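Reader: I am new to this structure and would like to go through it by question and answer. Please show it to me.

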Amino acid sequence: ILVVVGSSNTDLVVSVTQIPAPGQTVLGGALQTIPGGKGANQAVAAARLGGGVRFVARLGDDAYGALAREGFAREGLDTRFVFATPGVASGVALIAVDEKTGENSIVVAPGANACLSADDIALAAARAAFDGAAAVLVSLEIPDDAVFAAVEAGHARGIPVILNPAPARPLPAELLQKVTILTPNQSELTLLGGSEALLRAGVATLVTTLGAEGARLEQLGEVPQTFAAPAVTAVDTVAAGDCFTGALAVELAQGASLPDAIRFACAAAALKVTRPGAQPGLPYRAEVVARYNA
Ligand code: ADP
(Lines give C-alpha, C1' and ligand atoms only; values in the text may rest on other atoms or scores of the structure.)
Protein backbone atom coordinates (compact mmCIF):
# COMPACT_ATOMS: atom_id res chain seq x y z
CA ILE A 1 0.00 0.00 0.00
CA LEU A 2 1.17 3.48 -0.98
CA VAL A 3 0.05 6.65 0.83
CA VAL A 4 -0.16 9.72 -1.42
CA VAL A 5 -0.54 13.14 0.24
CA GLY A 6 -1.20 16.12 -2.00
CA SER A 7 -3.49 18.32 -4.04
CA SER A 8 -6.48 17.74 -6.27
CA ASN A 9 -7.50 20.23 -8.95
CA THR A 10 -9.98 20.34 -11.78
CA ASP A 11 -8.28 21.62 -14.93
CA LEU A 12 -10.55 23.91 -16.97
CA VAL A 13 -8.82 23.99 -20.34
CA VAL A 14 -9.58 26.14 -23.37
CA SER A 15 -7.51 26.22 -26.54
CA VAL A 16 -6.98 29.67 -28.01
CA THR A 17 -5.33 31.09 -31.13
CA GLN A 18 -3.58 33.57 -28.87
CA ILE A 19 -3.04 33.71 -25.11
CA PRO A 20 -4.89 36.83 -23.94
CA ALA A 21 -2.76 39.83 -22.97
CA PRO A 22 -3.75 41.90 -19.91
CA GLY A 23 -7.07 43.63 -20.61
CA GLN A 24 -7.72 41.51 -23.69
CA THR A 25 -10.62 39.09 -24.25
CA VAL A 26 -10.20 36.21 -26.70
CA LEU A 27 -12.67 33.58 -27.89
CA GLY A 28 -11.44 30.02 -27.52
CA GLY A 29 -12.51 26.48 -28.34
CA ALA A 30 -14.77 24.19 -26.33
CA LEU A 31 -14.22 24.03 -22.57
CA GLN A 32 -12.56 20.81 -21.41
CA THR A 33 -13.01 19.81 -17.77
CA ILE A 34 -10.15 17.47 -16.87
CA PRO A 35 -9.18 15.99 -13.49
CA GLY A 36 -5.71 17.08 -12.40
CA GLY A 37 -3.64 18.42 -9.50
CA LYS A 38 -0.23 16.98 -8.65
CA GLY A 39 -1.29 14.85 -5.71
CA ALA A 40 -4.31 13.36 -7.46
CA ASN A 41 -2.33 12.78 -10.66
CA GLN A 42 0.30 10.87 -8.70
CA ALA A 43 -2.31 8.86 -6.82
CA VAL A 44 -4.16 7.91 -10.01
CA ALA A 45 -0.89 7.09 -11.82
CA ALA A 46 0.08 4.75 -8.99
CA ALA A 47 -3.36 3.11 -8.91
CA ARG A 48 -3.42 2.52 -12.69
CA LEU A 49 0.06 1.03 -12.44
CA GLY A 50 -1.20 -1.50 -9.96
CA GLY A 51 -0.56 -0.14 -6.50
CA GLY A 52 -3.11 0.04 -3.69
CA VAL A 53 -3.32 3.76 -2.91
CA ARG A 54 -4.63 5.69 0.09
CA PHE A 55 -5.06 9.34 -0.94
CA VAL A 56 -4.87 12.06 1.71
CA ALA A 57 -6.28 15.36 0.40
CA ARG A 58 -8.97 18.01 0.73
CA LEU A 59 -11.84 18.78 -1.64
CA GLY A 60 -14.39 21.63 -1.41
CA ASP A 61 -18.10 21.05 -1.05
CA ASP A 62 -18.91 21.92 -4.65
CA ALA A 63 -19.64 20.18 -7.94
CA TYR A 64 -15.94 19.92 -8.85
CA GLY A 65 -15.22 18.23 -5.55
CA ALA A 66 -18.03 15.73 -6.09
CA LEU A 67 -16.76 15.02 -9.60
CA ALA A 68 -13.22 14.50 -8.32
CA ARG A 69 -14.37 12.15 -5.56
CA GLU A 70 -16.36 10.07 -8.05
CA GLY A 71 -13.28 9.90 -10.26
CA PHE A 72 -11.09 8.71 -7.38
CA ALA A 73 -13.58 5.97 -6.55
CA ARG A 74 -13.65 4.84 -10.20
CA GLU A 75 -9.85 4.69 -10.16
CA GLY A 76 -9.99 2.44 -7.11
CA LEU A 77 -8.31 4.88 -4.70
CA ASP A 78 -9.02 4.53 -1.00
CA THR A 79 -10.84 7.85 -0.43
CA ARG A 80 -11.44 7.55 3.32
CA PHE A 81 -8.81 10.26 3.90
CA VAL A 82 -10.06 12.67 1.23
CA PHE A 83 -11.65 15.22 3.53
CA ALA A 84 -14.53 17.57 2.64
CA THR A 85 -14.14 21.28 3.36
CA PRO A 86 -17.48 23.07 4.01
CA GLY A 87 -17.83 26.52 2.50
CA VAL A 88 -14.66 26.31 0.43
CA ALA A 89 -14.25 25.77 -3.32
CA SER A 90 -12.32 22.80 -4.67
CA GLY A 91 -8.96 23.43 -6.32
CA VAL A 92 -9.24 24.62 -9.91
CA ALA A 93 -6.66 25.40 -12.59
CA LEU A 94 -7.70 27.79 -15.37
CA ILE A 95 -5.59 26.88 -18.40
CA ALA A 96 -5.38 28.63 -21.76
CA VAL A 97 -3.43 26.63 -24.37
CA ASP A 98 -2.08 28.21 -27.54
CA GLU A 99 -3.35 25.85 -30.25
CA LYS A 100 -0.33 26.50 -32.49
CA THR A 101 2.62 26.49 -30.08
CA GLY A 102 1.14 24.36 -27.27
CA GLU A 103 2.32 27.00 -24.80
CA ASN A 104 0.01 27.57 -21.87
CA SER A 105 -0.95 30.20 -19.32
CA ILE A 106 -2.26 28.88 -16.02
CA VAL A 107 -4.02 30.38 -13.00
CA VAL A 108 -4.42 28.00 -10.05
CA ALA A 109 -7.10 28.68 -7.42
CA PRO A 110 -5.93 26.32 -4.63
CA GLY A 111 -9.26 26.36 -2.76
CA ALA A 112 -9.54 23.42 -0.40
CA ASN A 113 -5.95 22.32 -1.10
CA ALA A 114 -4.82 25.33 0.95
CA CYS A 115 -6.82 23.98 3.92
CA LEU A 116 -4.97 20.65 4.17
CA SER A 117 -3.27 20.82 7.58
CA ALA A 118 -0.99 18.98 9.98
CA ASP A 119 -4.18 18.15 11.93
CA ASP A 120 -5.56 16.41 8.83
CA ILE A 121 -2.42 14.30 8.59
CA ALA A 122 -2.72 13.48 12.30
CA LEU A 123 -6.39 12.54 11.82
CA ALA A 124 -5.54 10.34 8.84
CA ALA A 125 -2.76 8.73 10.89
CA ALA A 126 -5.13 8.14 13.82
CA ARG A 127 -7.45 6.39 11.36
CA ALA A 128 -4.58 4.10 10.30
CA ALA A 129 -3.79 5.76 6.95
CA PHE A 130 -0.08 4.99 7.36
CA ASP A 131 -0.41 1.52 8.88
CA GLY A 132 1.33 -1.10 6.80
CA ALA A 133 2.31 1.40 4.10
CA ALA A 134 5.33 0.54 1.95
CA ALA A 135 5.96 4.17 0.94
CA VAL A 136 4.64 7.70 1.44
CA LEU A 137 4.55 10.07 -1.55
CA VAL A 138 4.21 13.82 -0.92
CA SER A 139 4.13 16.84 -3.28
CA LEU A 140 4.11 20.59 -2.61
CA GLU A 141 0.75 21.92 -3.89
CA ILE A 142 -0.37 21.92 -0.23
CA PRO A 143 0.66 24.01 2.81
CA ASP A 144 4.08 23.50 4.44
CA ASP A 145 2.49 22.27 7.69
CA ALA A 146 0.82 19.40 5.86
CA VAL A 147 4.01 18.58 3.92
CA PHE A 148 6.09 18.50 7.10
CA ALA A 149 3.52 16.41 8.97
CA ALA A 150 3.24 13.92 6.11
CA VAL A 151 7.01 13.52 5.78
CA GLU A 152 7.30 13.15 9.55
CA ALA A 153 4.47 10.58 9.62
CA GLY A 154 6.38 8.38 7.19
CA HIS A 155 9.78 8.99 8.75
CA ALA A 156 8.61 8.28 12.31
CA ARG A 157 7.24 4.90 11.20
CA GLY A 158 10.33 3.94 9.24
CA ILE A 159 8.40 4.13 5.94
CA PRO A 160 10.38 5.39 2.90
CA VAL A 161 9.32 8.95 2.02
CA ILE A 162 9.32 10.14 -1.59
CA LEU A 163 9.02 13.91 -1.94
CA ASN A 164 8.21 15.44 -5.31
CA PRO A 165 9.28 19.08 -4.74
CA ALA A 166 6.75 20.60 -7.12
CA PRO A 167 5.93 23.42 -7.39
CA ALA A 168 9.40 24.07 -5.96
CA ARG A 169 9.99 26.17 -2.89
CA PRO A 170 12.99 26.24 -0.56
CA LEU A 171 12.95 23.35 1.91
CA PRO A 172 14.74 23.25 5.30
CA ALA A 173 17.51 20.70 5.87
CA GLU A 174 15.48 19.37 8.81
CA LEU A 175 12.84 18.23 6.30
CA LEU A 176 15.27 17.03 3.62
CA GLN A 177 16.98 14.75 6.15
CA LYS A 178 13.74 12.82 6.50
CA VAL A 179 13.27 12.38 2.75
CA THR A 180 14.33 9.03 1.32
CA ILE A 181 13.99 10.02 -2.35
CA LEU A 182 13.59 13.53 -3.76
CA THR A 183 12.25 13.76 -7.34
CA PRO A 184 12.71 17.27 -8.78
CA ASN A 185 12.70 18.19 -12.46
CA GLN A 186 15.64 20.26 -13.68
CA SER A 187 14.21 23.70 -12.88
CA GLU A 188 13.10 22.53 -9.42
CA LEU A 189 16.59 21.09 -8.82
CA THR A 190 18.12 24.47 -9.67
CA LEU A 191 15.68 26.32 -7.40
CA LEU A 192 16.55 23.93 -4.55
CA GLY A 193 20.26 24.70 -4.93
CA GLY A 194 21.49 21.77 -7.04
CA SER A 195 22.40 18.13 -6.43
CA GLU A 196 25.47 18.69 -4.25
CA ALA A 197 23.66 20.95 -1.81
CA LEU A 198 20.67 18.60 -1.52
CA LEU A 199 22.74 15.47 -0.95
CA ARG A 200 24.87 17.25 1.62
CA ALA A 201 21.71 18.56 3.33
CA GLY A 202 20.75 14.93 3.93
CA VAL A 203 18.57 13.76 1.02
CA ALA A 204 19.41 10.05 0.81
CA THR A 205 18.67 9.65 -2.90
CA LEU A 206 18.08 12.19 -5.63
CA VAL A 207 16.20 11.19 -8.80
CA THR A 208 16.06 14.15 -11.18
CA THR A 209 13.77 13.99 -14.20
CA LEU A 210 15.36 15.32 -17.39
CA GLY A 211 12.34 15.57 -19.74
CA ALA A 212 13.08 13.82 -23.06
CA GLU A 213 16.54 12.93 -21.69
CA GLY A 214 15.08 10.58 -19.05
CA ALA A 215 16.23 10.67 -15.42
CA ARG A 216 19.39 10.80 -13.29
CA LEU A 217 20.06 8.91 -10.06
CA GLU A 218 22.46 10.48 -7.54
CA GLN A 219 23.58 9.41 -4.09
CA LEU A 220 26.31 10.86 -1.88
CA GLY A 221 29.69 9.42 -2.84
CA GLU A 222 28.30 7.45 -5.82
CA VAL A 223 28.80 8.07 -9.52
CA PRO A 224 25.59 9.59 -10.98
CA GLN A 225 23.68 7.20 -13.22
CA THR A 226 21.52 8.37 -16.16
CA PHE A 227 18.52 6.44 -17.50
CA ALA A 228 17.44 7.25 -21.06
CA ALA A 229 13.80 8.02 -21.83
CA PRO A 230 12.20 5.96 -24.60
CA ALA A 231 11.97 8.07 -27.78
CA VAL A 232 8.38 9.17 -28.35
CA THR A 233 6.47 11.93 -30.11
CA ALA A 234 5.29 14.12 -27.25
CA VAL A 235 1.79 15.58 -27.61
CA ASP A 236 1.19 16.72 -23.99
CA THR A 237 3.81 16.74 -21.22
CA VAL A 238 1.27 17.77 -18.57
CA ALA A 239 1.57 15.36 -15.60
CA ALA A 240 4.70 13.68 -17.02
CA GLY A 241 6.53 14.31 -13.76
CA ASP A 242 3.51 13.15 -11.74
CA CYS A 243 3.33 9.96 -13.76
CA PHE A 244 7.06 9.40 -13.28
CA THR A 245 6.89 9.92 -9.51
CA GLY A 246 3.74 7.81 -9.09
CA ALA A 247 5.32 5.00 -11.09
CA LEU A 248 8.57 5.19 -9.14
CA ALA A 249 6.69 5.02 -5.84
CA VAL A 250 4.60 2.03 -6.92
CA GLU A 251 7.62 0.08 -8.07
CA LEU A 252 9.57 0.78 -4.90
CA ALA A 253 6.51 -0.06 -2.78
CA GLN A 254 6.33 -3.39 -4.60
CA GLY A 255 9.97 -4.15 -3.86
CA ALA A 256 11.71 -3.21 -7.14
CA SER A 257 15.33 -2.04 -7.04
CA LEU A 258 15.92 1.69 -7.51
CA PRO A 259 17.35 1.34 -11.07
CA ASP A 260 14.48 -0.95 -12.13
CA ALA A 261 11.94 1.45 -10.61
CA ILE A 262 13.49 4.38 -12.51
CA ARG A 263 13.46 2.46 -15.80
CA PHE A 264 9.79 1.60 -15.28
CA ALA A 265 8.98 5.22 -14.37
CA CYS A 266 10.67 6.44 -17.58
CA ALA A 267 8.60 3.98 -19.62
CA ALA A 268 5.32 5.00 -17.93
CA ALA A 269 6.05 8.74 -18.29
CA ALA A 270 7.01 8.30 -21.96
CA LEU A 271 3.58 6.75 -22.60
CA LYS A 272 1.91 9.62 -20.73
CA VAL A 273 3.46 12.31 -22.94
CA THR A 274 2.03 10.63 -26.06
CA ARG A 275 -1.50 11.30 -24.77
CA PRO A 276 -3.45 14.47 -23.98
CA GLY A 277 -4.75 15.51 -20.56
CA ALA A 278 -3.50 15.12 -17.01
CA GLN A 279 -5.29 12.13 -15.44
CA PRO A 280 -6.98 10.92 -18.66
CA GLY A 281 -3.54 10.39 -20.25
CA LEU A 282 -2.03 8.35 -17.40
CA PRO A 283 -1.14 4.79 -18.51
CA TYR A 284 -2.20 1.45 -17.04
CA ARG A 285 0.38 -1.18 -16.08
CA ALA A 286 -0.66 -3.54 -18.89
CA GLU A 287 0.00 -0.77 -21.44
CA VAL A 288 3.48 -0.04 -20.08
CA VAL A 289 4.32 -3.74 -20.06
CA ALA A 290 2.96 -4.28 -23.58
CA ARG A 291 4.70 -1.24 -25.06
CA TYR A 292 8.07 -1.39 -23.28
CA ASN A 293 8.22 -4.90 -21.90
CA ALA A 294 8.92 -3.07 -18.62
P1 ADP B 1 7.95 17.68 -15.39
O2 ADP B 1 6.82 17.11 -16.16
O3 ADP B 1 7.73 17.63 -13.92
O4 ADP B 1 8.42 19.02 -15.85
P5 ADP B 1 10.03 16.31 -16.90
O6 ADP B 1 9.79 17.25 -18.02
O7 ADP B 1 11.43 16.09 -16.47
O8 ADP B 1 9.20 16.69 -15.60
O9 ADP B 1 9.38 14.91 -17.32
C10 ADP B 1 9.21 13.87 -16.40
C11 ADP B 1 9.52 12.54 -17.05
O12 ADP B 1 8.63 12.34 -18.15
C13 ADP B 1 10.92 12.43 -17.64
O14 ADP B 1 11.84 11.97 -16.67
C15 ADP B 1 10.71 11.41 -18.74
O16 ADP B 1 10.77 10.10 -18.21
C17 ADP B 1 9.29 11.70 -19.20
N18 ADP B 1 9.29 12.59 -20.38
C19 ADP B 1 9.03 13.92 -20.41
N20 ADP B 1 9.12 14.41 -21.66
C21 ADP B 1 9.44 13.37 -22.45
C22 ADP B 1 9.68 13.19 -23.84
N23 ADP B 1 9.60 14.23 -24.69
N24 ADP B 1 9.99 11.96 -24.30
C25 ADP B 1 10.06 10.90 -23.46
N26 ADP B 1 9.85 11.00 -22.12
C27 ADP B 1 9.55 12.20 -21.62
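Reader: Is D242 buried or exposed?
Author: The model is a predicted one, and the answer rests on a count of neighbours. A residue is buried if 20 or more other C-beta atoms lie within 10 Å of its own. D242 has 30 C-beta neighbours inside 10 Å, so D242 counts as buried.

Reader: Which residues does D242 touch, leaving aside those up to four places away in sequence?
Author: D242 is found in helix α8. With residues up to four places away in sequence not counted, D242 touches K38, N41, Q42 and A45.

Reader: How many residues of α8 are buried?
Author: Helix α8 covers residues 240-253. The helix is largely enclosed by the rest of the structure, because the buried residues number 14 of the 14.

Reader: How far apart are the end C-alpha atoms of α8?
Author: At 1.5 Å a residue, the 14 residues of α8 should span 20 Å. The model agrees with this, as the end C-alpha atoms of α8 are apart by 20 Å.

Reader: Which residue with a positive phi follows α8?
Author: The phi in question is near 95°. The residue that has it and follows α8 is G255.

Reader: Where is T10, and is T10 buried or exposed?
Author: UniProt lists T10 for "binding site" in the unreviewed entry. T10 is found in strand β2, residues 9-16. Because 28 other C-beta atoms lie within 10 Å of T10, this residue is buried.

Reader: Is α3 roughly parallel or roughly perpendicular to α4?
Author: Helix α3 (residues 118-126) and helix α4 (residues 144-156) pack with their axes 7 Å apart, at an angle of about 30°. Angles under 35 degrees count as roughly parallel. Therefore α3 is to α4 roughly parallel.

Reader: How many nonpolar residues are in the contact of α3 with α4?
Author: From α3 the contact takes A118, D120, I121, A122 and A125, and from α4 it takes D145, A146, F148, A149, A150 and A153. By class there are no polar and 2 charged residues, and the number of nonpolar residues is 9.

Reader: Are α9 and α10 roughly parallel or roughly perpendicular to each other?
Author: The axes of helix α9 (residues 258-273) and helix α10 (residues 285-292) come within 10 Å and cross at roughly 100°. Angles of 65 to 115 degrees count as roughly perpendicular. The two helices α9 and α10 are therefore to each other roughly perpendicular.

Reader: Which residues of α10 make the contact with α9?
Author: The contact divides into 5 nonpolar, no polar and 2 charged residues. On the α9 side are A267, A268 and L271, and on the α10 side are E287, V288, R291 and Y292.

Reader: How many of the residues of α9 are buried?
Author: α9 has 16 residues and reaches 23 Å from its first C-alpha to its last, close to the 22 Å expected. The helix is mostly covered, and of its 16 residues the number buried is 13.

Terms used. Residues numbered from 1 in each chain as written. Predicted model: local features only at pLDDT ≥ 70, side-chain atom pairs only at ≥ 80, totals over all residues. UniProt positions renumbered as here; feature names shortened; annotations may be inferred. Helix = DSSP H or I, 4+ residues; strand = E, 2+ residues; numbered from the N terminus. Buried ≥ 20, exposed ≤ 12 C-beta atoms within 10 Å, placed from the backbone. Axes fitted to C-alpha atoms, helices over the stretch in contact; angles between N-to-C directions. Parallel < 35°, antiparallel > 145°, perpendicular 65-115°, else oblique. Contact = placed C-beta atoms within 7 Å. Nonpolar A, V, L, I, M, F, W, Y, C, P; charged D, E, K, R; others polar. Expected span 1.5 Å × (residues − 1).
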